[in-house]
Every structure is written in C-alpha cells, then in structure tokens.
Amino acid sequence: MSLLSPALDVPPEPPSKRQKTLGASSSVSNNALESGSSSPEITDLAEQLDSQERDKYIKGKKLGSGQYADVYSAHLVSDPSKLVAIKKIKVGPEVKEFGISYDSLREIKFLQELDHPNIIKLYSVFSTKNQNLNLVLEQLPQGDLLKLIQDTQNISYTPADIKSWMLMLSRAIWFCHANFVLHRDIKPNNLLIAANGEIKLADFGLARSFADPYQPMTYNTITIWYRPPELFYQTQYYSGAVDIWSVGCVFAELIAREVLFRAWPESEINMVKIICEKVGTPSEDNWPGVSKLKGYVTPTEITPLRSRDYWLGAFRAIGDVGVDLLMKMLTLDPRRRLTAEDVLRHSFWTADPRPSRLEDLPRKGGGLEAMGEDLKRRGGEVTVSSNGRGDKVARKLDFESMKK
Ligand SMILES: Nc1ncnc2c1ncn2[C@@H]1O[C@H](COP(=O)(O)OP(=O)(O)O)[C@@H](O)[C@H]1O
Ligand SMILES: [Mg+2]
C-alpha cells in the first residue's frame, strides 16, 4: 500500500484553489478526488459517469443516521441479492461555500486507501442533485457495538467475546496507524458488525494523516468521552496514542457496559476532572512535560495514580492480563501509552480464554430500525443528547481549523 498523501488535511489550500481542484459538481465513481477540470466536455463526461454509477443502485430503507449522514440500504439493479449501504452526506455550510463536504472527502480519501478485513469497504462514490455526495459502502447489517453494550436486557456476552471484538478493533487501528492514518473518532457506535460477526471500523469523517510530525493538528477532535488528556491540554502535536486512549475507553465500556469517562455536567473541565479521579492526576512525575502544554491547568487536588488493585476492583471480569492491557492503553502520558503494535503484541490475546470465534459472538436481537436516535450522538456543540450520551465532538470546529 502506498503512503497516504496528507494533502486533504490541515493546513488546507485556500478555498478558491480547493474548489477548483475538487470540482464541486463532478464526482466520479472510485475516483472522486481526481476530478478537476472545469472544461464543459469533461464535466459532461463526469456527469455521465456519475449518473451511470447512480443508476446502478436501488435505494431502500434507512439503516441509520449520524449528524453528518443518512445511511440507506440499497441493492444492485443487476443483482438484487447484492446489498450495499449508501451513505448520503448531509449538505453543510462548507458545501455551499466550497462545493464539497470535508467530512466526505476525508472519508473517501482514507477508505480508498485502507483495505483491511476490519475496516469498512468503500465501493464507489457518486453525487446527486444539490451536490450531495453518496458513498457506496459494504452493508453491515448487524448494527453496532453500542447497541450490544446497551442491550443489557437481551444480550449477554463473555470475556472471550470482548477479547474477540477488541482484537478486531486493535487490528484495524494497527492497520490505520501503519498507514499513517489517525481515525480520531473511535467509539462503540462507529464499530459496525458484519453479517458474519466481524467488527468493521467505520466513519472516517474525522480521520487525518499524521505522516508529517511537524504539522500542527487540531486538539478539538474525538468525541469528548473518548478524548485523551493530551487533547484536553491542547497539544497540537500528537500521534496514534490518541486513538489508543479511545480504544481503552471502548475496552472498559465493553466490560462495565457503561461509559468510562462520563462527565456530568458535560464539559472539558469536568472530563479532565473525571480522568484525574479515575486514572490519577497528571503531573511532571507521571507525564514529563505535561505542565508545558498550552491548556494545562495546575490542579487544586491531586489523586495519585490508581493502583493495579484499583483497576482490578473495577474490571476483574477481564482477568489480570486484561487489566494490564487496559491500564497500559489508558496511560496518561501519550509517550508511555502502548502503541497499536504493542497492543497486538500484548500477552492478553494468547492468554485464556481464547477469543470467541466469529460464529459464536452474540448478535443483536432487535431490528435495525431500533437504532434510531442513539446513533445521532456526535454533534451538538453545547447540548447533551436526550439519552444523556452527550458526545460532543468538534466536527464543526475541526472544519474551522481546516480553513486556518
Ligand atoms: N455500511 C453500513 N451498513 C449498515 N449501517 C450503516 C453503515 N454505515 C453506517 N450505518 C449506520 O448509520 C449510522 C451513521 O453512519 P456514520 O458513518 O457513523 O455517519 P456519521 O458520519 O453521520 O456519524 C451508523 O451508526 C450505522 O448505524
Ligand atoms: Mg458515526
């Protein structure tokens, strides 16, 4: 696989250049990023190819929606047994201004390059009227991990099941990082489940390349409950460690069946507080250099780093080796946190119990339509969603940073 070009992330080209380069009205199947000429003949050809692609599918019922997209089931006209999912990106203000949705661009760019069994597949792209971009994705009919975690009435699962899901997630993240891609939105409802039980990492709308270590990045990213302390302290130079923290949060949430760091009322200050309470207060001792970070606030109360016994008390179900892995993913200092490769080398995967086989993993009971509101959990700058899972993420602010 080729190295990914960081061209689509911060700092962006000036808007005028971006618009010209990206060709607002002419997305082309499997090649949406290369369309560009404004000559009438080429635009006509692009539109023709576009409509050819569009006409290959018959759209059916809605499978789910997030803040930035509605996702529909569809099948191929030529073979109704072949199902896909069509992710229709909602038209935001940047589309009106620049003719393109940055979220969809990120998603297209990275999904085109990342071919892995635990990463959702992008088959093609087409546009519809009003410059709506549509991503044709593999259909993942078994819902998402959040649904399983929350359905405590009907779904029970074992440490071996958790190990199996976590191994698939860890492989996906390792693959992203090996290709210099940060996902930046790992959370249970972006982990979709295929018909055969495989976990697929989805929703690359906040992803970016981190191939250039000198390129500052936004700290206002990752859904707040899954966001690592270095981003709350406003570091602009970070690495795969940010995703590993989110993976640790998912691990803990799978075990306890509740969000690990859930601040109430929801704010960045309260998130730092709860991280200090549950992990320990960051200090120069446990995180050299932390006090130099721009957003660092000298704590008024100090909680010493939590001991292994403390973690075992809360997460004993996953065993000693599992707790060891969890603690190392949730290490405050990002330089001491495990890398994705370290995670895969950890002895947890080979310790008893063995990870469950795909066919033995629990499946959701209810219909897809039951997913509804929970899945729209990402947006909202200030408000907390009605189900209390206030997952603020600064997609909007992230977009702003792309303009700077
Ligand atoms: N390929 C797919 N197959 C089945 N359902 C999907 C698929 N992609 C997305 N969904 C459903 O739609 C929801 C929103 O999709 P997502 O890509 O997360 O959009 P957003 O970027 O708006 O968050 C998901 O949580 C999931 O329930
Ligand atoms: Mg999503």
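Between which two helices does the loop that holds Pro353 lie? Pro353 lies in the loop between helix H12 (340-345) and helix H13 (395-403). Helices (H or I, at least four residues) and strands (E, at least two) are DSSP runs, numbered from the N terminus.

The model is predicted: local features need pLDDT of at least 70, side-chain atom pairs count only at pLDDT 80 or more, and totals for chains, interfaces and linings use all residues. Residues are numbered from 1 along each chain as its sequence is written, while chains are lettered from A and ligands numbered from 1 in the order in which they are written.

**Exercise 1. Describe the protein chain as a whole.**

Step 1. The secondary structure consists of 13 helices and nine strands.

Step 2. Of the 404 residues, 44% are buried. A residue is buried if 20 or more other C-beta atoms lie within 10 Å of its own, exposed if 12 or fewer, and partly exposed in between, with C-beta atoms placed from the backbone.

Step 3. Two residues are in contact if their C-beta atoms, placed from the backbone, lie within 7 Å. Among contacts between residues at least 6 apart in sequence, 66% join residues at least 24 apart.

**Exercise 2. Characterise the largest nonpolar core and the contacts of Phe251.**

Step 1. A nonpolar core is a set of buried Ala, Val, Leu, Ile, Met, Phe, Trp, Tyr and Cys residues joined through C-beta atoms within 7 Å. The largest one has 95 residues, of which Leu169, Phe251, Leu326 and Met329 touch the most other members.

Step 2. Helix H8 (residues 241-256) supplies the largest share of this core, 11 residues. At least three residues of the core come from each of domain 2 (57-138) and domain 3 (145-375); these bounds come from an automatic or database domain assignment.

Step 3. Not counting residues up to four places away in sequence, Phe251 touches Met166, Leu326 and Met329.

**Exercise 3. Determine which parts of the chain form the shell around ligand 1.**

Step 1. The shell has 25 residues, and the closest are Gly64, Gly66, Val71, Ala85 and Asp203. A residue is near a molecule or strand if its C-beta atom, placed from the backbone, lies within 6 Å of it.

Step 2. Two or more residues are given by each of strand S1 (57-65), strand S2 (69-76), strand S3 (83-89) and strand S5 (132-138). The largest share, three residues, is that of S1.

Step 3. By residue class, the shell divides into 12 nonpolar, eight polar and five charged. Here Ala, Val, Leu, Ile, Met, Phe, Trp, Tyr, Cys and Pro count as nonpolar, Asp, Glu, Lys and Arg as charged, and the others, Gly among them, as polar.

Step 4. Domain 2 (57-138) and domain 3 (145-375) each contribute at least three residues to the shell.

**Exercise 4. Characterise Lys88, at which UniProt places a "binding site" feature in an unreviewed entry.**

Step 1. UniProt positions are given in the numbering used here, feature names are shortened, and annotations may be inferred rather than shown by experiment.

Step 2. Lys88 is part of strand S3. Lys88 is partly exposed because 19 other C-beta atoms lie within 10 Å.

Step 3. Apart from residues up to four places away in sequence, Lys88 touches Ala69, Asp70, Tyr72, Asn132 and Asn134.
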